[in-house]
Each structure stands twice: as C-alpha cells, then as structure tokens.
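Please look over the sequence and the model below before reading on. A short report accompanies them.

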Amino acid sequence: MSINALPIAIEIKDLKKHFKEIKAVDGISLKIKKGELFSILGPNGAGKTTLVRMLTTVLTPTVGDANINGYSILTGKKDIVKKIGVCPQEITIYDVLRAEENVEFVAAMHGIPRREAKEKAIKLLEEFGIAGRKDWSKNFSGGMKRRLNLAMSLIFEPEILFLDEPTAGLDPQARRLVWDFIRDLKSRDITIILMTHDMVEADSLSDRVAIIDNGKIIAMGTPTELKEKYGSDNVLEVSFIEKNDLEVVKSNIKNLPFVANSSEIHRKDRDTLLISFQGGLKNLVKLLQQGLIENIDEVENMKFRQNSLEDVFLNLTGRRLRD
Ligand SMILES: Nc1ncnc2c1ncn2[C@@H]1O[C@H](COP(=O)(O)OP(=O)(O)OP(=O)(O)O)[C@@H](O)[C@H]1O
Ligand SMILES: [Mg+2]
C-alpha cells in the first residue's frame with residue numbers, strides 16, 4: 001500500500017508553545033500516517049523536545065491542538081498514554097533498579113503479566129546488548145543507560161513511538177544497533193516520530209522529514225525530495241590522462257535523464273569531467289554502469305561527493321545543523 005493511502009496516526013494543528021518571549025514551538029501543523037517513520041530534524045533549541053512533550057501530553061500547548069490516534073492531547077490524555085511509547089532525551093531510569101527490573105517496572109505499569117514481562121525484558125535487553133549486566137543501573141555508562149531507556153519504551157509494544165534523540169551519546173557501533181532496531185520496529189508497522197539533529201540518521205531511517213528551525217517547519221518531504229529541491233546535486237569527478245577518453249564518457253552520459261549537467265577542468269597532465277546528477281547512490285551506480293564501465297581502465301582518478309540533508313539545511317538557513 002502506498003503511504004498516501006494510509007490512515008492518519010497523528011494530526012498536529014497549529015501547535016504553539018511560548019515560554020514568555022521564547023517561541024519554542026511556533027505554529028506547527030502536519031499529518032503523520034500510520035506506520036510512517038517521520039523525523040523532525042533541527043538544530044539545538046529548534047523546539048523538538050518541546051514538541052514531543054506536548055504530543056505526549058506532558059506539556060500543555062499555548063495554542064493549538066493535536067490528535068494522537070484520534071484523541072486530542074488537550075482532552076484525551078488517558079487514552080493517549082496507553083498507546084504511546086516515549087524515549088525521552090533526558091535519560092529516565094530508576095537508578096536503584098537493575099536493568100531487567102527497570103523494564104519490568106514499565107511493563108507492570110502497562111498491566112503486562114509478570115512472567116511475560118520477564119521474558120520480554122530479557123529478550124529486549126539481549127537485543128540491546130545489555131542483558132549481561134546484573135548490577136544497579138546507576139553504575140551503567142551513558143550509552144548503556146540510553147539503551148536501557150529504549151528497551152523500557154518498547155516493552156509494551158506501543159502503536160506510536162516517540163524517540164527524542166535516541167542515539168545521542170552512543171558510540172558508532174551502538175548507534176548502528178539502535179538504527180537496526182528502529183528499522184525493525186518500522187517493519188512491524190509502528191508509527192515512529194524521531195527527533196534528531198543527526199542528518200545521517202534522519203536520511204537513512206525516515207519516510208518523511210520535517211526540518212524545523214526556531215519553532216517552525218521550514219521544509220518537509222521525503223529525504224530524496226528535500227535533497228532534490230533544496231540540496232546541491234551529487235557530483236562525480238572523473239579524471240583521464242587522454243582527453244579523448246573524456247569525450248567518450250561525456251557522450252555516453254549525455255542522455256541519462258538524472259544527469260543535470262557536466263563541466264570540464266583541463267590541466268596539463270589530466271582532464272577532469274565533473275558530472276552533476278540527482279538521486280543519490282542509486283543513480284551513481286547507474287551512472288557508472290551506463291556511462292563509465294566501458295572506459296573504466298582509462299580512468300585515472302574518481303571522486304564522489306554526495307548531497308546530504310546538511311546541504312538542505314545550509315541552503316535554507318545559511319547555518320549548519322550543529323556548529
Ligand atoms: N521550560 C522551559 N522554560 C523556558 N524555556 C524553555 C523551556 N523548555 C524549552 N525552552 C526553550 O525553548 C526552546 C526550544 O527548546 P527545545 O528543548 O524544545 O529544543 P530542542 O530542539 O529539543 O533542542 P536540543 O537539540 O538541544 O535538544 C529553547 O530556546 C529552550 O531554551
Ligand atoms: Mg531536545
């Protein structure tokens with residue numbers, strides 16, 4: 001089924017939260033479909049956590065409303081909290097409980113029978129690589145606490161899951177583990193709202209992304225749409241010793257629909273063709289297959305620069321996501 005045909009899980013209607021003169025969230029409206037992985041990408045202070053706290057009914061909006069599974073955040077708090085899992089940015093675990101006990105505690109709050117909770121807790125902790133720890137969780141490292149917190153948010157299999165910077169402070173290996181886990185959740189049809197400042201994370205996991213800055217959405221779409229609309233093209237630089245070889249490749253790529261343009265740099269010892277194209281890695285492979293493979297022995301050097309969501313943010317705001 002195409003994502004457009006899916007029912008709406010979350011509808012946000014002109015939501016605002018002002019703290020005196022600070023407009024933390026300043027008029028956000030959007031619809032998130034059931035089973036969609038939707039990321040809110042923005043720099044420090046953009047309003048991501050404030051938005052999550054309103055959607056999870058922890059914070060009352062200044063203006064506006066949102067429906068979660070059809071219930072208003074203003075009036076349906078009780079029905080909403082039964083359906084949602086939340087992994088907050090600030091780690092929230094019980095220091096004097098062990099890892100398993102922390103997860104079982106959340107399970108008990110959701111009425112999961114004890115034995116089932118125990119089995120599930122062990123399985124989840126194994127998946128997150130912390131099942132071996134039997135001591136108090138206050139002794140855990142930051143990354144282990146984060147993974148425990150994720151396990152706690154997942155124990156009761158929520159229909160909608162809010163993840164606020166789930167990989168902040170994790171090492172690259174743990175970050176990948178969490179990404180794989182999120183992908184797996186996605187395949188189980190859970191609606192996921194991911195708050196992040198990590199463009200690689202947003203790009204590789206999301207169906208759609210809303211880029212926010214100063215409490216407002218400044219762009220929204222699939223990662224590919226955003227990069228095509230606001231990013232710079234991907235560039236493949238190919239250098240040859242013989243100018244003639246460059247001409248052959250140039251004519252090979254002339255009619256490829258995803259190639260935006262090409263330009264040349266001529267130096268004494270080599271000639272370089274710069275090919276700008278759209279569509280990321282998939283089209284890089286096509287470009288190599290259709291334009292270059294026959295002349296690959298003549299290629300002296302090759303460089304590839306990929307367009308990213310960082311370019312999109314930079315082009316929209318003139319700033320980097322994280323300075
Ligand atoms: N309780 C509060 N009182 C006053 N100001 C607040 C409060 N909570 C948030 N803010 C302000 O609202 C703005 C948005 O903060 P928020 O925590 O939502 O940003 P964020 O996008 O989650 O940032 P980060 O990436 O650093 O987590 C900031 O300027 C912050 O200082
Ligand atoms: Mg935050």
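The report goes from the overall layout to the ligand and then to one of the sheets.

## Overall layout

This is a predicted model. The protein has 323 residues, of which 37% are buried. It contains 11 helices and 14 strands. The C-alpha trace spans about 75 × 45 × 40 Å along its principal axes.

Two domains are assigned: domain 1 covers residues 3-223, and domain 2 covers residues 233-306. Their centres, taken over C-alpha atoms, are 42 Å apart. Of the contacts in the protein between residues at least 6 apart in sequence, 68% join residues at least 24 apart.

## Around ligand 1

The shell around ligand 1 holds 13 residues, and those that come nearest are Phe19, Ala24, Lys48, Thr49 and Thr50. Two elements give two or more residues to this shell: strand 2 (22-33) and helix 1 (48-55). Helix 1 provides the largest share, three residues. Sorted by class, the shell has eight polar residues, four nonpolar residues and one charged residue.

## Helix 1

Helix 1 is mostly covered, with eight of its eight residues buried. The buried residues are Lys48, Thr49, Thr50, Leu51, Val52, Arg53, Met54 and Leu55. Lys48, Thr49 and Thr50 are also among the residues that come nearest to ligand 1. In an α-helix there are 3.6 residues a turn, so residues three or four places apart point the same way. After helix 1 comes threonine 57, which has a positive phi, near 65°.

One open sheet is built from four strands in the order 12-13-11-14, and the pairing is antiparallel. Its edges are strand 12 (259-266) and strand 14 (299-305), each of which pairs on one side only. On average, neighbouring strands of this sheet are turned by 15° against each other, direction ignored.

Strand 11 (residues 234-240) and strand 14 run antiparallel and are joined by six bridges. Leucine 236 stands opposite phenylalanine 304, which belongs to strand 14.

## Helices on the sheet

Helix 9 (residues 243-253) packs on the sheet, where it touches strand 11, strand 12 and strand 13 (271-277). The direction of helix 9 makes about 15° with that of strand 13.

Helix 10 (residues 280-292) lies across strand 11, strand 13 and strand 14. Relative to strand 11, helix 10 runs at about 30°.

Definitions and conventions. Residues are numbered from 1 along each chain as its sequence is written. Chains are lettered from A and ligands numbered from 1 in the order in which they are written. This is a predicted model: local features need pLDDT of at least 70, side-chain atom pairs count only at pLDDT 80 or more; totals for chains, interfaces and linings use all residues. A residue is near a molecule or strand if its C-beta atom, placed from the backbone, lies within 6 Å of it. Ala, Val, Leu, Ile, Met, Phe, Trp, Tyr, Cys and Pro count as nonpolar, Asp, Glu, Lys and Arg as charged, and the others, Gly among them, as polar. Domain bounds come from an automatic or database domain assignment. A residue is buried if 20 or more other C-beta atoms lie within 10 Å of its own, exposed if 12 or fewer, and partly exposed in between; C-beta atoms are placed from the backbone. Two residues are in contact if their C-beta atoms, placed from the backbone, lie within 7 Å. Two strands pair if DSSP finds at least two bridges between them. Axes are lines fitted to C-alpha atoms, for helices over the stretch in contact, and angles run from 0 to 180 degrees between N-to-C directions.
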